[in-house]
Every structure is written in structure tokens, then in C-alpha cells.
Amino acid sequence: MQLNKNLYIETNTNKSMLKKGQVSVFAILGIVLVILVALFFFLRNEYGLFVKPTTFLTEKAKPIEDNLKNCVAGVTQTSLDTFGRQGGDFDSDSYLLYKGMNVKYFCTNIPGQEECLNVMPTLKDMKDELGVKIQEGINSCVDKNLAKSGLGYDVEVGKLDTKVDFAGGNVLVKADYDVEIIKGSVKTTINPVTLSFDAPVEELYAVAVDAINAEARVGFFEQLLYMTAKKGEYIINLDKPYPDKIYKVNKKNSMFELWF
């Protein structure tokens, strides 16, 4: 009986050791498989192995393009908000501090007269001012670390240029980032980003011209009659923080406002 018992124990022990050995083999195989999968993705992502060079370079360009697009969107929207409420200027030397904004004077006081002196900027000056601000903002916003050479490819970086245009009821911003990604003889470039923003600057500027011409000519602008004549297309609000006047103009169904 003792011999049989010992034999039974020895047999169970051998089976247990065999199972543990099998588990160890499976565990090692699992680890090896994980390492191989990780190595596969590493070689694919960093060296472009197992994938067409054009596809590989396109994948490397996408984060740069996405970052550029996000920068154009964020910087332009923020800039437009300030641009509109400060009379199309960001650093004017002639302004009224109003509700936290440096609102540019479009017409300045003439001592002893109701009329004022028309000092409106040109529409081109305003567009140039906005263009410089957006260019500076995007240059600071773009993540330069995304446009660096990797293990299996090279990156050459040139200038980042932006262009601003007023187009009817919109502001168009085009950003052209001169980045070339190279793998061997294959190259790809970053696609230009063009975004449109709701900001009828040209139309509101024309309204401002009418208002300022009246103020400069007779010292008064009848905004209610003007809005009626324009069939409610524009909303003109007037505030009078003595001794100044602040006009706030926007187009119906648009959130963009021009203050002056």
C-alpha cells in the first residue's frame, strides 16, 4: 500500500510539473508574440517597412497638417474677435479703453465743433493688420517638433506663409507650410490649409464709412433710419461713454461685430 501511495504521489507530481512546463512554454510564446507584434509596428511606423513609401510619408504628413489646421482655426477666430472689437487694429495709438478693449478712433474731436475729423483706416490697412497678427499667431502655435526627421525618413522645413483675404461675408485664411518629407527617392509635401470664417468685414466697413462720413459732416448719424433703409440687414448699436460715442455694428445672423 505504501508503495502504491508513493507511486500515486510521484505520478501526480510529474503531471503537475508537466502542466507547469506547458504553461511556461505558452507564457514564453505569448511574450515572444507580443515582442514580435511590437517590433512589427515599430518598424512600420518608424522605418516604413511592410508599407508603400507614399503611404508611409502621407501618414507622417497628416499630424503636421492636422496641427496646422487647428492652429489656423484657433488663432484666426481669436484674432477676429479682438480685431472686430478694436476697430480693425491690435496696437492702435489712438483708442478708447472700453469694456476691456482698445477701441480705435475712426473720427477724432474738433474743439468747439459737433463735427469730427475722419481718421478711418483703409480697408487694406485693416486687412494687412489682421494678416500680420494671424501670421505671428500661427508661427507661435505650430508644433515644430512634428516636422523633424525620424529614423526612417528625413524632413526639410522652409517658411510658413499665411494669406488673408476678405471675400464678401467671410474672411479667408490660407496657410502654406513649406515642409518636405523624404524617404529615399520618394517625397511628399504638406497640403496648404484654407479656412473660411464668418466675418463680413467688407460690408461692416462700408457701414462704418457711412456712419463716419455723417459724423464728420454734420456731427450726427441717424442709425435707425439707416437700418430701416438697409431693410434690417445690419444692426447698429450706439453707446455714449461721455464724451465719446461707440458704434457697434454687425450683420444679421452673424456673430462678428465691428466696434469704432
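Is Tyr247 buried or exposed? I looked this up to start my notebook: Tyr247 counts as buried because its relative accessibility is 3%. My cut-offs are under 20% relative accessible area for buried, over 50% for exposed, and partly exposed in between, with a 1.4 Å probe and protein chains only.

**Ground rules.** I'm working on a predicted model, where local features need pLDDT of at least 70, side-chain atom pairs count only at pLDDT 80 or more, and totals for chains, interfaces and linings use all residues. Residues are numbered from 1 along each chain as its sequence is written, and side-chain values use heavy atoms, with hydrogens and water left out.

**Rings.** I noted that two aromatic rings are described by the distance of their centres and the angle of their planes. Rings of Phe, Tyr and Trp (its six-membered ring) pair if their centres lie within 6.5 Å; planes under 30 degrees apart are stacked, over 60 edge-to-face, and the rest tilted. I found seven aromatic pairs in the structure. One of them is Tyr247 with Phe260, which is stacked, with 5.4 Å centre to centre and 20° between the planes. This pair links distant parts of the chain, since Tyr247 is in strand S10 (residues 246–251) and Phe260 is in the segment after strand S11 (257–259), 13 residues apart. For helices (H or I, at least four residues) and strands (E, at least two), I use DSSP runs numbered from the N terminus. Phe260 also counts as buried, because its relative accessibility is 5%. Ring pairs tie Tyr247 and Phe260 into a cluster with Phe106, Phe221 and Tyr226.

I also checked for a charge over a ring (NZ of Lys or CZ of Arg within 6 Å of the ring centre and within 35 degrees of the ring normal). Lys248 lies over the face of Trp259, 5.4 Å from the ring centre.

**Helix H2.** This helix covers residues 53–85, so I traced it end to end. Its 33 residues reach 49 Å from first C-alpha to last, close to the expected 48 Å (1.5 Å times one less than the number of residues). I found a bend of about 25° at Ala61, with Pro63 following within four residues. The bend is the angle between axes fitted to the seven residues ending there and the seven starting there. Just after H2, Gly87 takes a positive phi of about 70°.

**Salt bridges.** My rule was a side-chain nitrogen of Lys or Arg within 4 Å of a carboxyl oxygen of Asp or Glu. The count came to nine. In H2, Lys62 and Asp66 are four residues apart, about one turn, and their side chains meet at 2.8 Å, N to O. Lys62 is partly exposed at 47%, and Asp66 is partly exposed at 35%. Lys159 bridges to Asp161, with the closest N and O atoms 3.8 Å apart.

**Strands.** I counted two strands as paired if DSSP finds at least two bridges between them. S5 (residues 154–167) and S6 (residues 170–183) run antiparallel over 12 bridges, and Phe166 has Val171 in S6 as its bridge partner. Their hairpin has two residues between the strands, and Gly168 there takes a positive phi near 60°. S6 also pairs antiparallel with S8 (residues 193–198) over six bridges, and with S7 (residues 186–189) over four.
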